[in-house]
Structure formats: C-alpha cells, structure tokens
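Please read it alongside the sequence and the model.

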Amino acid sequence: MDILLSLPIASYFFSTSVTSWSTSLNLLFFYMTWSTLVLTHSPIQIELIGTTAIRLVFWLIPSLLFLLFDNLIPSVARTIKHNGASALPPTDFKTLSRLLALALFNLALETAVEAGLSLGLSLLLKQPVFRTSTTLPLPWQIAKQLALLFTLREILTYYTHRYWLHGTPPPAPPSTISKRVKLPKAPKPRYLPSLHKSYAHRYRSPPFALQVRVDHPFSFLLHRFVPTYLPALILRNNLHLLTFFVFLALTTAEETLSHSSYNIIPGVIMGGITRRTCMHYTGRKPGNYGTWGVLDWVHGTGLGKRDVWDDVRDEASKHQLRERGEDLVDDAGGKVEKALRRSKRNLNMSKSGKRGMSNKRGKGWMMADEDDSEGDWVP
C-alpha cells in the first residue's frame, strides 16, 4: 500500500514524458532506500545528515569550484561577472582562509542550532519535528507547501534584513496620530547593523558564492537560518521531511547562484535575483533587502531601473515567443502537409482523367466499329 501511495511522486521527481522501465526502477530503488533509511535511523539523524549533505552539495562544493575558476582564469571570469573585474574574489591566501574558516564555522553553527532545536522540540512534543514516514508526499502537496514556505521565507528575510540588519527605522505613524499623541522616536538599532556591515559588507563589491555564510554568527542566524527553519517549524504538523529537503535544496542553490555574481545565470527570474543581490552589495544607498524583489517593489526599496515585474514580463515574453515559434512551425508544417495533399490529389485526378479519356476513346472506337458493322446490314 505504501508503494502505491508513493507512486504519484514520480510526476515531481521525473518528467511526465518519461515512462520507461528505468524510471520505474529508479523510483522503486529510491523508495526502498528511503524506507530502509527511515526504519534503521532516527528522524533527527536523517534530518541532520540530509541537511548537511544538501548544504555541502548545493553550496560548499559549487562555491569552492567558482572560487577556483575565478582565481585560475580571471581574464575569462571577469567577462561573465556583473561589474567586471571588481566582482572577482580576493586572491590573498590569508584573506581567503579567514573567509573560508568563518563560512565553515557558520555552517557548523547552524547545523548545531538545528540539531538542538529539533532534538528539544521532539523531546518536548514526544514526536519528530517533521513527519518522517515511508509514505512519500504527493506532488500537489509538495507544490502547495513549497509555495507557502517560500512566501514565509521572503517575508522574514525582507523585514529581518531591512529593520534588524541594516537598522532602517520602522515607518513613521500617520500625521493625524502624531499630532494627537506625542510618540517617542523609535530607537535606531546600532549593534546588529554594525556587525552585519563589518562582516558581510566589509568589501563594497559584488559578492562571490562563499559569502553566503560570511557574516557575524548572530547576524547569519537571523539572516539565513531563521527565515528557512522557522517557516518549516510553522508547518511541521503536515510537513514531510522530504518536502523540507526539497525546500532547503532550492533555497541553498538559489543563494549560491545569486551570490556568484555571474551574469550568465540561466533564467530571467534567477538572473534578476543575481543582479539585485549584486546591487545590494554595491549600491550607494541601502535597498534590495528581499530575495525575489516583491516586497522591495511594494515598499519602494528596490535599487536599479529594473524590478521584479520587468523580469516577469521578460520571462512571459520569452515563453510567448517560444509558443509563437512553435505555432509558426506547426503552421508551416500544416501548410506543407496541405500542399503535399493537394499535389497528390491533383496528381491522382490527372491520372484518373487520363484513364477516363483512354476509356472514352476506347469506347468510341468500339462504337464506331459497331456502327460500321451494323451499317452493313442497313438496306
């Protein structure tokens, strides 16, 4: 029964057009591996091993490869970077070692914090934080929960980044209220913005992928860990651990690509996120606090001439052009097919016409002979 319930997940992990036996075998192998993992390990072990592996595969290894490429072939790397040569990472071994050590420390820190929170909540609630079972989640459930998780993450990232890490004071109350009641001015936070500025924004240049986790540990937890882990805790009753793994993999890959500063990132939306991230690090005024740019557009904190809706329009026009191209190809193919049918029909008609004329001529000759033969009998 568990296998039957888990079969619809194939539409998420694999393309719907793939119906070969290899896909079914891969799905069966994945289910058997996951079931063995669930039956032989505790949920906290699976969560920590999975999250650590995702961060290593989707952040640390690509970041080191990008760093190696930028330092070995800088003449090529600067041509595919936003802001050119200024986006290249530092080449000093001491500086790179210090940045790498800080990034690895923050990686170990968030893993330890997640382990402590998950273990404490599981002991308090007497059940795993995330639903860990052999039954795989359905595709529609995964899509719905991912949309909610990304929405909550964007909200937490924007307001935490803007008001806590950059010290932007909250909006002033309406003038009518301020005239009636004398409200004290909101204190502008100093400690967190100074930490975030001295670590994450130490260099006013486009970031490189390793800088995702280069920040003061406290600022890093507020900026990266809390917006990812807190939405998952809010949905923990119905959130499968595999769905959390998919969400973490997507967010980690997004952060790695957006901080790479490459201007050849595939996709208009992802390219826009990368461009806005670069402008956040290099802009003369603060802005672009969110990831997707929607809340920056709402609050007017976006930087640059282009916003998220320009990226959406470009993406829509790109797909529309593809559809138009496909329609043109289909129309051309239909016209060619109609022309071939018409020529074939004309050819058949001409052949049938020739056959009819030959038959008609044959009948006429026969009738003439018959007339001649019958004419001999006329008196």
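Glu255 and Arg224 are both buried, where buried means under 20% relative accessible area, exposed over 50%, and partly exposed in between (1.4 Å probe, protein chains only). Salt bridges with shared partners also join Arg55, Glu110, Glu114 and Arg213 into one network; a salt bridge is a side-chain nitrogen of Lys or Arg within 4 Å of a carboxyl oxygen of Asp or Glu. The model is predicted: local features need pLDDT of at least 70, side-chain atom pairs count only at pLDDT 80 or more, and totals for chains, interfaces and linings use all residues. Residues are numbered from 1 along each chain as its sequence is written, and side-chain values use heavy atoms, with hydrogens and water left out.

**Salt bridges**

- The structure holds 7 salt bridges.
- Glu255 pairs with Arg224, with the closest N and O atoms 3.7 Å apart.
- That pair links distant parts of the chain, since Glu255 is in helix α11 and Arg224 in helix α10 (residues 217-234), 31 residues apart; helices (H or I, at least four residues) and strands (E, at least two) are DSSP runs numbered from the N terminus.
- The side chains of Glu110 and Arg55 form a salt bridge at 3.6 Å, N to O.
- Glu110 belongs to helix α6 (residues 93-125) and Arg55 to helix α4, so this pair ties together parts that are 55 residues apart in sequence.
- Glu114 and Arg55 also meet in a salt bridge, at 3.3 Å, N to O.
- Here too distant parts of the chain are linked: Glu114 in helix α6 and Arg55 in helix α4 are 59 residues apart.
- Glu114 counts as buried because its relative accessible area is 0%.
- Arg55 has 3% relative accessibility and therefore counts as buried.

**Cavities**

- The whole structure contains 4 cavities of 30 Å³ or more.
- On a 1 Å grid over the protein atoms alone, a cavity is a set of points where a 1.4 Å probe fits but cannot get out; a pocket is an open set with protein on both sides within 12 Å along at least five of seven lines; lining residues have an atom within 4 Å of a point.
- Grid points are joined across faces, edges and corners, and a volume is the space filled by probe spheres set on the points.
- The largest cavity has a volume of about 240 Å³.
- It is lined by 26 residues, and the closest to its centre are His161, His223, Arg224, His259 and Thr277.
- Helices α7 (139-165), α10, α11 and α12 (268-282) each supply at least two residues of this lining, and α12 gives the largest share, 5 residues.
- The lining of the largest cavity divides into 7 nonpolar, 13 polar and 6 charged residues; Ala, Val, Leu, Ile, Met, Phe, Trp, Tyr, Cys and Pro count as nonpolar, Asp, Glu, Lys and Arg as charged, and the others, Gly among them, as polar.
- The second largest cavity holds about 70 Å³ of space.
- Residues lining the second largest cavity include Arg55, Glu110, Arg213, Arg224 and Glu255.
- Its lining divides into 2 nonpolar, 3 polar and 5 charged residues, and the largest share, 4 residues, comes from α11.

**Second largest pocket**

- Of its 18 lining residues, Phe30, Trp34, Gly50, Leu242 and Phe245 lie nearest the centre.
- The elements giving two or more residues to this lining are α3 (21-40), α4 (43-72) and α11 (241-258), with α4 providing the largest share, 7 residues.
- The lining of this pocket divides into 14 nonpolar, 4 polar and no charged residues.

**Surface patch**

- Leu56, Val57, Phe58, Ile61 and Leu65 form a nonpolar surface patch with about 420 Å² of accessible area together.
- Patches are made of residues with over 30% relative accessible area and no salt bridge; like charges are joined within 9 Å and nonpolar side chains (Val, Leu, Ile, Met, Phe, Trp, Tyr) within 5 Å.
- Accessible areas come from the Shrake-Rupley method with a 1.4 Å probe, and for residues only the protein chains shown count as cover.
- Leu56 is in helix α4 and counts as partly exposed because its relative accessibility is 33%.

**Positive phi**

- Asn83, a residue other than glycine, has a positive phi near 70°.
- Asn83 sits in the loop between α5 (74-77) and α6 and counts as exposed at 51% relative accessibility.
- Ser261 is not a glycine either, yet has a positive phi of about 65°.
- Ser261 sits in the loop between α11 and α12 and counts as buried at 0% relative accessibility.
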